[in-house]
Amino acid sequence: MGSGLQLRSEIDHLIESGDAAGASRRLSELWQQEPGSALASFLTSRYEKLRSGLPFTSHRLALLRSFTVEPLVTLLRAAGFVAGLDLTVHVGDFNAYPQEILDSTSALYAFRPDTVILAVQTRDLTPELWNGYADLSHESVRASVERALNSFESWMKAFRQYSPANLIVHTLESPPIPNLGILDAQSDSGQSAALRQINEGLRSRCREFRGMYLLDYSSLIARYGYSHWHDEKKWLTARMPISAGHLIHVAHEWLRFLMPLSGRVAKAVVVDLDNTLWGGVLGEDGMHGIQLGQEYPGAAYQALQRALFDLHRKGILLAVCSKNNLDDALEALQKHSGMLLRQEHFAAMRINWGDKVQNLREIAAELNIGIDALAFLDDNPVERDQVRAALPEVMVIELSGDPNAYVDRVRESPFFERLTLSEEDRQRAAFYAAERKRSSAGQGFASKEDFFRSLEQEAEIASVGPATLARISQLTQKTNQFNLTTRRYSEQQISEMASLSDCDVVSLRVRDRHGDNGLVGVGITRDSGDSREIDTFLLSCRVIGRTVETALLSHLAETARAKGLKFLRGWFLPTKKNAPAKNFYAEHGFSMERNNDEGSQWVLDLQQNHIECPAWIKLHVRIEEKI
Amino acid sequence: MTTQSYERVRIIASDVFGVSLEEISDESSPESIERWDSTQHLTFVLALEEAFQLQLTPEETESIRNIGEAAKLVQKKLQVARG
């Protein structure tokens with residue numbers, strides 16, 4: 001406790017002296033030591049003083065609930081701050097969720113949430129399926145299931161009508177012991193089966209509506225232990241059904257949804273080798289002495305590799321940063337029989353005796369992603385501290401104690417969560433492998449144009465459709481560098497814009513001789529009067545610097561001209577990260593019309609100027625006419 | 001052990017109610033601490049339960065009227081738990 005008290009006073013001194021980054025580092029250290037309800041209050045009060053000096057992602061969350069959630073809110077906000085998220089939380093009135101959802105003028109919608117969590121308990125929504133099952137006939141069980149699903153459906157429909165926000169729905173939990181005991185499992189119309197049926201129905205309804213997701217509440221309880229999860233006395237006296245020690249698990253589960261929904265996710269994870277990917281020190285123990293395999297103790301490391309492999313499958317890039325002799329490490333990576341991950345699974349490698357901070361910077365640059373999109377996995381607390389101090393934006397995973405628990409640290413981390421998986425995600429590693437070929441190929445050309453020509457690029461510009469909606473929304477949420485306005489849109493918002501007659505949402509797909517780069521660009525425009533305004537123009541970092549952006553801009557300009565419009569306008573809204581897009585409009589002949597605190601507005605006179613698609617890009621246009 | 005748990009109760013109260021540790025005494029109560037309302041009382045109880053891994057009954061929860069009583073209650077529960 002002593003160090004906890006010291007840290008608290010140190011934090012207050014750092015805040016007073018104006019060292020926001022230092023204070024934030026200490027706060028997160030303190031949270032690692034004693035996460036919980038008490039500290040959560042301390043943390044939120046201190047982070048509130050720091051929020052203007054730190055790069056937090058803001059997110060507005062509304063909680064609709066049938067039980068007391070107030071103590072959870074503080075925990076969630078504290079955990080959010082530690083993970084880089086500044087949450088503004090609105091709590092709906094106790095058990096008033098149906099009215100709030102169905103009334104378009106309710107406080108819920110006035111709050112303009114980004115995300116809403118609907119946390120309803122089985123005993124509140126379908127009490128008969130909680131503790132009255134023994135009284136029910138088959139017909140009344142069926143009626144209960146139907147009634148519950150109809151209610152959910154009417155709420156979801158109304159919600160989608162009144163709000164573009166994301167909705168997270170808790171599944172209904174089964175009671176710890178079925179009302180009819182072991183008999184319940186013998187029947188296919190038992191109590192647990194009925195609740196499962198509701199949850200399955202919820203899952204398919206979530207898929208029907210966009211931006212709705214299921215939180216598997218039963219499996220959350222099971223993960224931590226059903227028999228200790230509930231506190232019946234507090235439920236009866238304070239309407240708080242979850243026992244004190246488990247509140248933090250609910251907060252963390254919520255955070256696993258809120259991170260990907262707010263775009264605060266790791267695009268790559270940088271891993272250490274010794275005592276992280278395998279047990280022992282390669283330089284001392286030799287390739288045959290390190291611990292790695294299916295048996296104890298090497299199984300812990302193989303399990304961690306499996307978890308990392310799963311991230312690779314989700315489109316998260318893997319990179320190595322290790323202090324080792326390169327040749328030894330490569331030999332172990334390629335030849336050790338226990339390795340699940342091989343050299344080809346890593347998009348970048350820094351195996352040397354240099355400083356890890358510098359190596360991380362280089363890895364981010366090589367992968368063309370921001371430092372704040374890196375997660376760092378290293379068993380050495382000194383390395384972790386150095387990285388935290390020098391690169392506070394890196395998401396550092398805390399690894400300590402039993403190596404068998406390392407795999408859980410990765411699997412439970414909110415930084416690696418995704419709510420949708422696009423074809424691009426699944427193939428990302430292959431894209432990067434092709435990119436390595438491209439950049440090494442680029443070195444042998446006399447001119448840039450020769451290089452561009454040699455790439456044999458084909459660009460396909462298409463209207464948004466059901467197959468591309470998720471990826472387009474994902475790009476608006478994740479693209480930071482080549483993004484002129486950095487406006488984030490949910491799938492629902494994209495789909496609404498696409499349905500407007502004066503609004504166009506188009507995507508850009510790029511192929512070249514090394515492979516398919518996937519869907520890598522988005523343009524959103526709005527026409528009014530004699531002018532077309534570019535609302536969003538972005539390009540994935542994967543294809544920056546290959547002139548495909550000119551192809552997309554040319555399309556926006558030429559279709560505007562064909563429609564008889566006279567001007568093409570667009571804003572450049574500067575952020576900390578979008579410098580690569582800064583000169584985009586100037587380089588394409590636009591002139592600056594306006595310049596204010598927010599950014600600069602540019603205009604192109606379409607009667608005077610043409611924007612040509614570069615000669616080395618073969619353009620395919622698949623635009624559906626709007627009626 | 002006894003003084004350690006007592007100190008810990010004071011730190012928890014300081015965190016939950018947002019007052020400095022020096023301002024927390026045995027007599028500190030909802031009358032002297034502005035933020036000690038019914039919601040924060042619940043958070044305080046949950047924080048104690050979490051920190052000491054115990055569960056307080058509704059009667060015990062009700063009986064806490066100041067920090068001294070909270071600390072005594074925690075000590076008693078810890079002794080019972082240890083047998």
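Biologist: What is the order of the strands in the open sheet of chain A, and in what sense do they pair?

Modeller: Keep in mind that this is a predicted model. Chain A has five strands in an open sheet, running S2-S1-S3-S4-S5, and the pairing is parallel. From one strand to the next, the twist averages 25°.

Biologist: Why are S2 and S5 of chain A said to stand at the edges?

Modeller: Strand S2 (85–91) and strand S5 (212–215) each have a single partner strand, so one side of each is left without a neighbour in the sheet.

Biologist: What makes S3(A) and S4(A) count as a pair?

Modeller: Two strands need at least two bridges between them to pair. Strand S3 (residues 115–119) and strand S4 (residues 166–170) of chain A have four bridges, in the parallel sense, so they pass that cut-off. For one of those links, look at Ile117(A), whose bridge partner in S4(A) is Ile168(A).

Biologist: Why is Phe159(A) called buried?

Modeller: The label takes 20 or more other C-beta atoms within 10 Å. Phe159(A) has 23, so it is buried. Phe159(A) sits in helix H9 (residues 138–162) of chain A. Leaving aside residues up to four places away in sequence, Phe159(A) touches Ile101(A) and Leu167(A).

Biologist: Which residues of H4(A) and H15(A) make the contact?

Modeller: On H4(A) they include Leu72(A), Leu75(A) and Leu76(A), and on H15(A) they include Val250(A), Trp254(A) and Leu258(A). By class, the contact residues divide into 12 nonpolar, two polar and no charged.

Biologist: How many residues does each chain bring to the contact between chain A and chain B?

Modeller: Chain B brings 19 residues and chain A brings 21. On the chain B side, helix H1 (2–17) and helix H2 (38–52) each supply at least two residues.

Biologist: Which element gives the most to that side of chain B?

Modeller: H2(B) does, with eight residues. The side of chain B that touches chain A divides into eight nonpolar, six polar and five charged residues.

Terms used. Residues numbered from 1 in each chain as written. Chains lettered and ligands numbered in written order. Predicted model: local features only at pLDDT ≥ 70, side-chain atom pairs only at ≥ 80, totals over all residues. Contact = placed C-beta atoms within 7 Å. Nonpolar A, V, L, I, M, F, W, Y, C, P; charged D, E, K, R; others polar. Axes fitted to C-alpha atoms, helices over the stretch in contact; angles between N-to-C directions. Buried ≥ 20, exposed ≤ 12 C-beta atoms within 10 Å, placed from the backbone.
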